[in-house]
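Please take a moment with the sequence and the structure shown below before reading on. The paragraphs that follow lead from one part of the chain to the next.

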Amino acid sequence: MAIRMRPDLANLPAYKAGQRPAERTDGLATFKISSNENPYPPLPSVLEAIARAAQNSHRYPDPLCTDLIAALATRFDVPAENVAVGTGSVAVCGQLNSATITPGSEVVYPWRSFEAYPIWTSIAHGVSVQVPLTADWAVDLDAMADAVTDRTSLVFVCTPNNPTGPAVKHADLVRFIDRIPAHVPVVIDEAYVEFARDPEIADGLALHRERPNVAVLRTFSKAYGLAALRVGFVIAPPELADYVRRTATPFGVSTIAQEAAIASLNDEAELFARVDALVEERRRVERALREQGWHLPTSEANFIWLPLDDTQGFAAHAETFGLTVRPFPEGVRITIAETEANDRFIEVCAAWQALTS
Ligand SMILES: Cc1ncc(COP(=O)(O)O)c(C=O)c1O
């Protein structure tokens, strides 16, 4: 007799990780620009912290992440009890769902957006309420507020939005939160916020300080360049942070990850100079594509979004140039990466225009 599995999970969308580039025989360097990774390796000071921490690999990590939480509380000027750490912000996102969803309750989030939202919602026996983006590929806050009901247990606002790039403005987010009942947590997923340059962008931490139900989700994977080490965190109202801790896998965040994250917080100036360089590269690529005639939303993240019909065809075309991009049904997402990869991506787009016009 077959093992009885949860039938509702049979249709769970699989998380599609960025593909590896295909092997090539012509010696052309290949680039995986499909996962929004940081192209810079860890700083020497961070590598030293990793090497030091590795010497204690026979010991369990601190399950409470005491030093990292203290460092985050100091860095963001919040009480330590408001901070919870997890194995990447994707895991913290799952813990936020486990901590708040009761069976059948609803999770409201923009769509298309971060693909973990529907997965975690289903695993926690919640119901996804996906609110379509605006025609400009931005989060539609008015429509999201309209979608909140007495069944809503959690709201995610992804800003800048993955995979499309626009960020929400502060005044708009304030108006939005005014419309959400205070018992419904609003999680502002700021995985890419360090790349944002719009002076009017929403300040999630300021809202967290002012409102009883606002949490901010952050990661060390993107601007801080520690994607492989799996460490992210939420700054949340204390009762929510407490429940996020209760729903964690015990000892999840390794000592290496904790120490590397602390070392990164100590070297932010150098890391953020790299972020500035990536932002300049993003602007250069956006300018070049607009000169080629592409219409794309202005990105505030470390990727850009090309609205397209034949996204699979475009991805196959980019692959012939040694670039692995991330196709979605409505467009293609491309990570801003090494200058060589960005230059080649501009060529890919020009060649596609020539092929299809
Ligand atoms: C919007 C958003 N949130 C959270 C994450 C999770 O990142 P990590 O688990 O590496 O911290 C991602 C990763 O791509 C993301 O795009």
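**A walk through the predicted model**

In helix α2, which spans residues 66-76, the buried residues are Leu 68, Ile 69, Ala 71 and Leu 72. Viewed down the axis of α2, these buried residues fall within an arc of 160°, so they line one face of the helix. On the face turned away from that buried side, α2 carries the exposed residues Thr 66 and Thr 74. The cover over the buried residues of α2 includes β2 (83-86), β8 (232-235) and α9 (255-266).

Most residues other than glycine have a negative phi, and most peptide bonds are trans. Asp 77 is exposed, because 8 other C-beta atoms lie within 10 Å, where 12 or fewer count as exposed. Phe 251, in the loop between α8 (238-246) and α9, also has a positive phi, near 60°. Phe 251 is exposed too, with 11 other C-beta atoms within 10 Å.

In α4 the buried residues are Ala 116, Tyr 117, Ile 119, Trp 120 and Thr 121, and what covers them includes α3, β3, β4 and β5 (152-158).

The loops around this unit have details of their own. In the loop between β3 and α4 lies Arg 112, and the peptide bond from Trp 111 to Arg 112 is cis, with omega near 15°. A cis bond also leads from Thr 159 to Pro 160, with omega near -5°, and Pro 160 has its place in the loop between β5 and α6 (170-178). After α4 comes His 125, whose phi is positive, near 65°.

Leaving aside residues up to four places away in sequence, Ala 124 touches Asn 97, Ser 98 and Ile 101. Pro 103, by contrast, is in the loop between α3 (89-100) and β3 and counts as exposed, with 8 C-beta neighbours inside 10 Å. For Ala 124 and Ala 257, which are 133 residues apart along the chain, the separation of the C-alpha atoms is 27 Å.

Further along, strand β7 (residues 214-219) is mostly covered, with six of its six residues buried. In a regular strand the side chains alternate between the two faces of the sheet. Both faces of β7 are covered, with Val 214, Val 216 and Arg 218 buried on one side and Ala 215, Leu 217 and Thr 219 buried on the other. Strand β6 (residues 186-189) runs parallel to β7 and is joined to β7 by four bridges, and the partner of Val 186 in β7 is Val 214. Together with helix α7 (residues 204-210), β6 and β7 make a right-handed β-α-β unit. β7 is also joined to β8 by four bridges, here in the antiparallel sense, and Leu 217 stands opposite Val 234 in β8.

A separate description belongs to three strands that form an open sheet in the order β9-β12-β11, with antiparallel pairing. β9 (303-307) and β11 (326-327) stand at the edges, each with a single partner strand, so one side of each is left without a neighbour in the sheet. Two bridges join β11 to strand β12 (residues 331-335), and Arg 326 stands opposite Arg 333 in β12.

The last stop is the ligand. Of the 13 residues around the ligand, those that come nearest are Gly 88, Ser 89, Val 90, Thr 219 and Ser 221. The shell around the ligand is made up of five nonpolar residues, seven polar and one charged.

Definitions and conventions
Residues are numbered from 1 along each chain as its sequence is written. This is a predicted model: local features need pLDDT of at least 70, side-chain atom pairs count only at pLDDT 80 or more; totals for chains, interfaces and linings use all residues. A residue is near a molecule or strand if its C-beta atom, placed from the backbone, lies within 6 Å of it. Ala, Val, Leu, Ile, Met, Phe, Trp, Tyr, Cys and Pro count as nonpolar, Asp, Glu, Lys and Arg as charged, and the others, Gly among them, as polar. A residue is buried if 20 or more other C-beta atoms lie within 10 Å of its own, exposed if 12 or fewer, and partly exposed in between; C-beta atoms are placed from the backbone. The arc is that of the directions from the helix axis to the C-beta atoms. Two residues are in contact if their C-beta atoms, placed from the backbone, lie within 7 Å. Two strands pair if DSSP finds at least two bridges between them. A crossover is right-handed if, with the strands pointing away from the viewer, the path from the first strand over the helix to the second runs clockwise.
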